Amino acid sequence: MQTVKPNLCIVVPAYNEEENLPLLLNELDAALNPAGIVFEVLFVDDGSRDHTAEILRKLAATHKNVRAVILNRNFGHQAAVSVGLRHARGGAIAIMDADLQDRPSDLVQLYRRLDGVDVVYAVRRSRPENLFKRFAYAVFYRLLTRLASVPIPVDSGDFCVMSAEFVAHLNALPERLRYVRGLRAWIGGRQVSVAVDRDARRTGRPQYTFVKLCRLAIDGLISFSYVPLRLASMLGIAISGMALIGFVIVLTWRFMGLLPTGAGVATIALSVLFIGGVQLLTLGILGEYVGRIFDEVKARPVAVVSEVVGEDRQRDV
C-alpha cells in the first residue's frame, strides 16, 4: 500500500457555512478529479455558531481527502487562513472561500498555471456585490496600492495557489496581525495573475460585514504603509504654516488700522477647534500603530486550535 501525497492542498476558512460545505466539496470533486489532480481539502472552522464543526467532522470521517481544524472561537478570516497554511501539506497550497464565490473550476486554471512560478493569484474581473460595495472595493484597493510600501496587486483577494516553498516562507513570518495578500506581495518571487469572475454567494448570509471589511482595510493600510504617520506630520507643518501666515496678516492689519474692534473671537474659537481636531486625528493615527505594536509585543498565537480532525489519517492507494 502506497501513501499518496496530494498535489494540491486547498485551505478553506469557514464561519457559519454549514449549507455550503457539502456543495463546495462536491464541486471540487467534479472540477479536480477529471483534471487528474490529487487534492486534499483542509477546512478551518473559525468558531462557527451553527453546525459547521459537526458537518466537518462527518465529512472528514467519510472522505479520505478531507481534514479539518477547529478553532476555539472566532479569531477572524485572516487568522483562520494563517492557521490553515501552517497545517497544509502537499506540493502546492491553495486558498479559497467556503461560500463558492471562488469557482472550483478556476482553481484548476490557477493550479496549472503554477508551473515555473511561486504564486498564481486571482484578479477579480467582475463582482456580484451591489454598486456601493463595488465602489468601496475599487477605492480601497487602489488607495492601498498607491500608499503601500510594496506593490499589492489591485482587485486581488486571498484566492490563489502557492508553491509549498513559498508557503514555508509565508509561515516563517513572525507577525501576529496578518494581512495575507499583503504578506504574499511582500515576499515577492515569481507571481502571476489570472483574471476570474466572482460568483454570488451560493447560500446563507455573507459573513464579511461592512464593519469587518473596514477593519481589514485598516489592517492592510497600517501594516503596509507609513503614509498615515507622514500625513500627521504634513498636517502639523501645514497648520503651522497657515498659523504663521495668519499671524503676519493680522499684525499687518493691526498696524494699518484695518482690524475692527472686537474682531477675532470667532476666528480664535474656530482655530482652537480645528487644531484640537487635528491633534485628536494625529493621536488616533498614532494609536492605531501603537496598538498593533502592543499586540505584536505580547506575542500571542494567531489563534488557538481546539481540535484537528483527520490529521493522523493518510491517504493510501
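**Exercise 1. Ser-233**

Task: In this predicted model, is Ser-233 buried, partly exposed or exposed?

Solution. 
Step 1. Find the residue. Ser-233 lies in helix 9.
Step 2. Read its relative accessible area. The value for Ser-233 is 46%.
Step 3. Apply the cut-offs. Buried means under 20%, exposed means over 50%, and partly exposed lies in between.
Step 4. Conclude. Ser-233 has 46%, so this residue is partly exposed.
Step 5. Ser-233 and Thr-282 are 49 residues apart in sequence. Their C-alpha atoms are 8.5 Å apart.

**Exercise 2. A nonpolar patch**

Task: Which residues form a nonpolar patch on the surface, and is Phe-255 buried or exposed?

Solution. 
Step 1. List the members. The patch consists of Leu-244, Phe-247, Val-248, Leu-251 and Phe-255.
Step 2. Together they have about 560 Å² of accessible area.
Step 3. Phe-255 belongs to helix 9, which covers residues 227-256.
Step 4. Classify Phe-255. Its relative accessible area is 71%, so Phe-255 is exposed.

**Exercise 3. Salt bridges**

Task: How many salt bridges does a search of the whole structure find? Which parts of the chain does the pair Glu-40 and Arg-89 link?

Solution. 
Step 1. Take the total. The search finds 10 salt bridges.
Step 2. Take one pair. Glu-40 and Arg-89 form a salt bridge, with the closest N and O atoms 3.0 Å apart.
Step 3. Glu-40 sits in strand 2, and Arg-89 sits in the loop between helix 3 and strand 4. These distant parts of the chain are linked across 49 residues.
Step 4. Check the cover. Glu-40 is buried at 5%, whereas Arg-89 is partly exposed at 30%.
Step 5. Asp-102 and Arg-198 form a salt bridge at 2.7 Å between the closest N and O atoms. The two residues are 96 residues apart.
Step 6. Classify this pair. Asp-102 is buried at 5%, and Arg-198 is buried at 10%.

Conventions: Residues numbered from 1 in each chain as written. Predicted model: local features only at pLDDT ≥ 70, side-chain atom pairs only at ≥ 80, totals over all residues. Heavy atoms only, no water. Patch = residues over 30% accessible without salt bridge, like charges linked within 9 Å, V, L, I, M, F, W, Y side chains within 5 Å. Areas by Shrake-Rupley, 256 points an atom, 1.4 Å probe, with all protein chains shown as cover. Salt bridge = Lys/Arg side-chain N within 4 Å of Asp/Glu carboxyl O. Helix = DSSP H or I, 4+ residues; strand = E, 2+ residues; numbered from the N terminus. Buried < 20%, exposed > 50% of the residue type's maximum accessible area, 1.4 Å probe, protein only.
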